[in-house]
Amino acid sequence: MALLIQRIARGLTPALFSADRPPARRQTPDRIVLGVKPGIRPSERPPVRIFLGTERAQFRAEQTFLWSVEKHRDPSRIYEIYLLRDLAGFQRGFWLTGFTNYRFAIPEFAGFKGRAIYNDADQVYLTDPAELFDMPMDKSGFLSINNRDTSVMLVDCQRMAEVWNPHDVRRLSRKKLEARARQARLWGDLDDGWNARDSEYAAGRSKLVHFTTLHTQPWRPFPDQFVYYPNPTGQLWPDLEAEAVEAGFMPVSATRPSRDWGTVKLRLSSREDGTAIQSLISAQPPTRRRDSITVQGWLADVPDADVPWVLSRLFQSTDDLVINLSEPATNRRRYRRDRRFWLQQLELASRRQPDTRWTLNHKSGWLSASNDCGGPAADGDILVLMHRKPGHNQQARAIAESLAEQTGRQVREHRIESGEAAFLLGRLLGSMPRIPNLDQAAVIVAGGWLPTRVARRLQERRPKIRLILSGRKAGPPPEHGGVVIQCLHFGLPAAPTRLLSLLPLNCGGADRAGDNSAWASWIESPRRVAALIGGSSKSHRLTTQDARGLAKRASNWARENNARLLVITSRRSSMLISALREGLDEDDLLYEFKQDDPENPYRLALEHADQLLVTGESESMLADAASRNKGFLVWPLARKSSGLWPRLSQAIADKATRPRFNRRGSIRPQQGLTYLCARWIERNWVLPPRNTEVLLQTLYRNGLAAPFGQTAPSAFRPRRERDALVTQACEQLSIPVRPEQPNTETSVQLKLI
């Protein structure tokens, strides 16, 4: 939905949007005080006043902003931070954010005296805000990076009192209020480093980063309105949030609760179980942990600001927390939060107290209900779902193998005998797939369309199960309780639960084991080269003439290397046997593909070949070739001319990622057709066409492979990538890793194109 339509709908029917914009009942902003740190001599300078525009959906951004101030502030000085949200008297219906015009009321809230800084919640400081607060202003009423951008300001509250007076800031639009300040010549220039927007960020030079592109904000506050893509600042914001969690930073706590807490505390104490509730969330840490605690409903009454510390108290008090929340379908003006709000709060609490298991039973209205689980994964084995496609099975096995090595869990496989149509019919009729001993499974690994859909269905029955899914058609990333591992060149949107790999994680786990005795003459040769031949596919073609030429050049290549050549065909190249044989010398060996053939030398070639040649259309064969810990050579196949659907899907993918810029040079919010195209791709209704050319160029760029005719590059170990991604999946899914498995090589640095 375009932002303009959303703003009109919100203005005309505000009750429908109460979940993300609670009623505006506050007369003054909440205040958070960061005082002089213990043992430090207080400064004689005035307190640094910061007014922060924020709203419910930005609670993670708000917390990280506050941490950035705490991290960089002068420990001898007082910092007063005022939260501009849900303030009464403003017409918020047509605002782009929930705090658009609050900034112009800063002179009023500051008593028309002194200075104040204004910040949006989607910003972080990289230096002490006091540097901005103490900056010379000359005769300016406010400083900003240009006279049309007020997202970061230093305001002289007395000078701006008349232009931004209490009456007009509640009546006029943002643009009119900014224009009035320009006409009064009250604007002063601020160095651009105090408002570096996304790609403008420069380490060591930027003083503040503004995540202004709404659909690349790393904390993803509005997933219903945007499809999120990576932010150019990379790990800057996630690392700051992780620091805040690690430090246990909570500006609102049991000893310093919000100003609404007193009223809520009285209401909770009047309940029949009020004494028990008070003991759970008292300011004193619990003396011992209980085996289990069930929270029935009262958590819905806790104010937003107090939810983190209340959850932290509950997590500290028990090994197993069950929360039952019910939101009525009527009375939508009630103070309520949706499932996504609670999931994010619980996941943050779980990062602070990782040894507590939790369950959220959330019901909204008459039909909408969900059950979610988190914390340490349950004890149990690894269930691998298999189907008919060898490539998907190999990848699932490889992931399960690495997971078993890192966690010490047992692996068992289950082959799905039914097809896609039977699964869809069962889904329509409400039946569940039958898996023996499902209760013994803690993690399900699956690859490909059908196994991943069965895995998701099984998790609906048992929410405590964790999912690790793979494959291009694995579906949208799970919102909670699972991850999907997919290749970079698929061109899919980024997501917290989508882990990206360079190649499929086969790691040479081919089903075709091979019989050594049948190929002893090749194995015993002083030097051995092998060629793995794929064939024509939906996007590539290998003609008879091309196959003959490939075989002839491969034969000459082997002879130049004083090696014996073994050519291995596949199901797709079986019709080219005659052409391949015509191009080979008498001493060369040719294997003709047969289904389920025990003498298939595919794995023998991977194990024993001194040099390897692979046709470049098959991701699985490229992954198997890379599993040898050696560089290899690639024979690219010619592309077929694209049909109507591939051209259409490519156009949709291009539209989804093509940015539009405003007059300031910032990327416009994702909306209209761009939003629709991005949403279609995110939900896997449309998939970008396979682009193996991008994959091959990435392999070449990273020195992992080379085109045929060049020298094979040095060693490559894709096992590192597989194990690193599985380790990352374990971290995200709270699957305990064995202590004897050190967390090394947890990332693979790749040069992307």
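R457 is in contact (heavy atoms within 4.5 Å) with F423, R427, G430, S431, M432 and P433, leaving aside its neighbours within four places in sequence. This arginine is found in helix 13 (residues 449-461); helices (H or I, at least four residues) and strands (E, at least two) are DSSP runs, numbered from the N terminus. R457 is buried, with a relative accessible area of 10%; buried means under 20% relative accessible area, exposed over 50%, and partly exposed in between (1.4 Å probe, protein chains only).

A word on the model itself. This is a predicted model, in which local features need pLDDT of at least 70 and side-chain atom pairs count only at pLDDT 80 or more, while totals for chains, interfaces and linings use all residues. Residues are numbered from 1 along each chain as its sequence is written, and side-chain values use heavy atoms, with hydrogens and water left out.

The pLDDT is the predictor's confidence in each residue, from 0 to 100. Its mean over the protein chain is 88, and 91% of the residues reach 70 or more. Residues 10-19 fall below 50, and this stretch has 20 contacts in the model beyond near neighbours in sequence. Residues 330-334 are also below 50, with 12 contacts counted in that way.

H387 lies in the loop between strand 15 (381-386) and helix 11 (390-407). At 8% relative accessibility, H387 counts as buried. Setting aside residues within four places in sequence, H387 touches N393, R415, I416, S418, G419, E420, L450 and P451. The C-alpha atoms of H387 and E417 are separated by 7.1 Å, although these residues are 30 apart along the chain.

N195 sits in the loop between strand 8 (187-189) and strand 9 (196-197). With 1% relative accessibility, N195 counts as buried. Beyond four places in sequence, its contacts are I145, D149, S151, V152, E200, L208 and H210.

| Side chain | Partner | Distance |
|---|---|---|
| N195 | side chain of S151 | 2.9 Å |

**Nonpolar cores**

A nonpolar core is a set of buried Ala, Val, Leu, Ile, Met, Phe, Trp, Tyr and Cys residues joined through side-chain atoms within 4.5 Å. The largest one has 71 residues, of which L132, I281, W298, L299, V310, L314 and I323 touch the most other members. Not counting residues up to four places away in sequence, L132 touches I117, Y125, V152, L154, L190 and W194. A second, separate core of 31 residues includes L502, L503, L612 and V634.

L612 brings us to strand 25 (residues 611-615). Five of its five residues are buried, so strand 25 is largely enclosed by the rest of the structure. In a regular strand the side chains alternate between the two faces of the sheet. Here Q611, L613 and T615 lie on one side and L612 and V614 on the other, and all are buried.

Strands pair if DSSP finds at least two bridges between them. Strand 21 (residues 528-532) runs parallel to strand 25 and is joined to it by four bridges, with A530 partnered by L612. Strand 26 (residues 632-635) is also parallel to strand 25, through three bridges, and T615 stands opposite W635. Together with helix 18 (residues 619-626), strands 25 and 26 make a right-handed β-α-β unit; right-handed means that, with the strands pointing away from the viewer, the path from the first strand over the helix to the second runs clockwise.

**Strand 2 and its neighbours**

Strand 2 (residues 48-53) is mostly covered, with six of its six residues buried. V48, I50 and L52 point one way, while R49, F51 and G53 point the other way. Strand 2 pairs with strand 3 (residues 79-84) in the parallel sense over six bridges, and G53 stands opposite L84. The chain crosses from strand 2 to strand 3 through helix 2 (residues 59-72), in a right-handed β-α-β crossover. Strand 4 (residues 115-120) runs parallel to strand 2 and is joined to it by four bridges, where F51 has Y118 as its bridge partner.

Conventions: Polar contact = N/O pair within 3.5 Å; in protein donor to acceptor, adjacent residues only side chain to side chain.
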